[in-house]
Amino acid sequence: MRGHNSCERGEAVGACASLGAAIERGKQLHASIIKTGFESAFCVRSSLVTMYAKCGSIEDAKEVFDRKPALDVVLWNAMIAGYAQHGYGEQALQLFAQMQCVGLKPNCITFVSVLSACRHAGLMDEGYHLFNSMISCYQITPTMEHYNCMVDIIGRAGHLNEAMEFINKMPVEADAMIWRTLLGACRVHGNLELGKYAAQRILELEPEDSAAYVLLSNIYSAAGKWDDRDDVRKLMDGRNIKKEAGHSVIEVKSQVHKFIASDKSHSQTAEIYSKLEELNAQMKNAGYVPDTNFVLHDVDEEQKEYRLCYHSERLAIAYGLISTPPGTCIRIVKNLRICGDCHTATKFISKIVQREIVVRDTNRFHLFKDGLCSCGDYW
């Protein structure tokens with residue numbers, strides 16, 4: 001790193017953040033930055049805050065943020081965004097208020113971050129207040145990202161008709177991102193009719209968007225409408241639309257390991273599966289009951305239970321348990337939303353093995369500890 005300037009070091013830190021599970025590499029780079037005296041540079045500090053937050057360590061992010069007070073809006077935005085990703089809505093709102101008290105003016109990115117915090121914490125009233133104040137008090141014109149946050153805030157709370165009304169009142173035409181957010185909320189809350197409408201709008205705008213087909217297919221599956229589900233899948237095949245495969249990654253000893261569901265390609269497959277069988281028995285003794293509603297395939301109950309047991313996140317967790325010392329935090333990154341049953345199972349596992357387990361999915365971070373999750377089962 002000798003001879004690199006502060007911005008180049010910030011970019012290197014950002015590369016660790018993009019990996020998500022590479023916290024050890026990030027810490028090594030941070031140590032190098034401290035030795036060379038670049039830590040105080042704003043671009044480096046904001047990158048460090050983002051890196052630690054995206055790697056699942058909000059405590060380290062806060063420590064970097066607090067180390068030396070700075071009136072830099074990018075740094076404060078990074079910390080608010082970190083709180084948002086971890087579902088710490090109240091802390092994000094407190095920091096937003098503190099930001100204004102020290103004389104920093106929030107910008108459009110600040111409001112994306114603080115609205116994101118509201119959606120991850122279920123703070124619908126606060127979200128409405130912030131959105132309205134952004135326009136009336138700060139004269140910031142909402143972008144599609146701001147509108148999307150609001151649709152997510154309202155939709156996640158289960159107010160799907162209100163979310164639809166919000167979209168209809170927008171002064172700009174909703175894009176595919178907005179409809180995708182509404183479709184995701186319809187999937188969570190089981191609103192088939194509105195979900196079909198949202199999917200239709202997405203496919204009008206982005207006919208090759210695989211997520212729309214998959215979410216609609218999942219809504220049909222959850223409702224037991226297998227023929228409709230099959231029609232969607234046939235439509236995907238006919239249009240050569242490929243579903244994004246779910247996977248989970250974990251970094252152990254600076255090596256990144258990637259797993260897919262029912263994966264048997266790893267060199268330690270036998271040990272991984274043995275550990276999962278042990279955990280499954282312990283979980284059932286502790287009261288765990290598999291929720292087969294999350295298996296969106298028309299198979300018998302025994303097959304559904306088997307499929308749940310070997311989802312990619314569980315394989316990654318099992319590998320982490322057999323590959324790291326007792327008490328070590330397990331950090332997983334999943335490219336899709338964690339399924340509800342795996343969420344429940346991971347709570348049981350965290351209590352059984354007495355370890356913290358951090359899972360970063362497409363929505364947010366989940367910190368599992370002593371049988372509980374930081375999301376409060378709201379995600």
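How many aromatic pairs does a search of the whole structure find? The search finds 11 aromatic pairs, where rings of Phe, Tyr and Trp (its six-membered ring) pair if their centres lie within 6.5 Å. The structure is a predicted model, in which local features need pLDDT of at least 70 and side-chain atom pairs count only at pLDDT 80 or more, while totals for chains, interfaces and linings use all residues. Residues are numbered from 1 along each chain as its sequence is written, and side-chain values use heavy atoms, with hydrogens and water left out.

**View 1. The protein chain as a whole.** The secondary structure of the protein chain comes to 18 helices and 6 strands, which are DSSP runs numbered from the N terminus (helices: H or I, at least four residues; strands: E, at least two). Of its 379 residues, 51% count as buried, where buried means under 20% relative accessible area, exposed over 50% and partly exposed in between, with a 1.4 Å probe and protein chains only. Among contacts in the chain with a separation of 6 or more, 63% are accounted for by residues 24 or more positions apart, a contact meaning heavy atoms within 4.5 Å.

**View 2. The aromatic pair of Phe96 and Phe111****.** The ring centres of Phe96 and Phe111 are 5.4 Å apart and the planes stand at 70°, so the pair is edge-to-face; planes under 30 degrees apart count as stacked, over 60 as edge-to-face and the rest as tilted. Because Phe96 lies in helix H6 (residues 89-101) and Phe111 in helix H7 (residues 108-121), the pair ties together parts that are 15 residues apart in sequence. Phe96 is buried, with a relative accessible area of 7%, and Phe111 is buried as well, at 0%. Together with Tyr138, Phe96 and Phe111 form one aromatic cluster.

**View 3. Helix H7 against helix H9****.** H7 and H9 (residues 144-156) pack at an angle of about 10°, with their axes 9 Å apart; axes are lines fitted to C-alpha atoms, for helices over the stretch in contact, and angles run from 0 to 180 degrees between N-to-C directions. That angle makes H7 roughly parallel to H9, given that angles under 35 degrees count as roughly parallel, over 145 as roughly antiparallel, 65 to 115 as roughly perpendicular and the rest as oblique. Residues of H7 including Phe111, Val112 and Leu115 meet residues of H9 including Cys149, Met150 and Ile153. The residues of this contact divide into 8 nonpolar, 4 polar and 4 charged, with Ala, Val, Leu, Ile, Met, Phe, Trp, Tyr, Cys and Pro counted as nonpolar, Asp, Glu, Lys and Arg as charged, and the others, Gly among them, as polar.

**View 4. Helix H11 against helix H12****.** H11 (residues 176-189) and H12 (residues 192-205) pack at an angle of about 155°, with their axes 9 Å apart, and H11 is therefore roughly antiparallel to H12. Among the residues that meet are Trp179, Leu182 and Leu183 in H11, and Tyr197, Ala198 and Ile202 in H12. By class, the contact has 11 nonpolar, 1 polar and 2 charged residues.

**View 5. Glu271 and Asn280 in helix H15****.** Glu271 has its place in H15 (residues 269-285) and is partly exposed, with a relative accessible area of 41%. Its C-alpha atom is separated by 8.7 Å from that of Ala318, 47 residues apart along the chain. Asn280, also in H15, is buried, with a relative accessible area of 12%. Not counting residues up to four places away in sequence, Asn280 touches Cys309 and Arg314.
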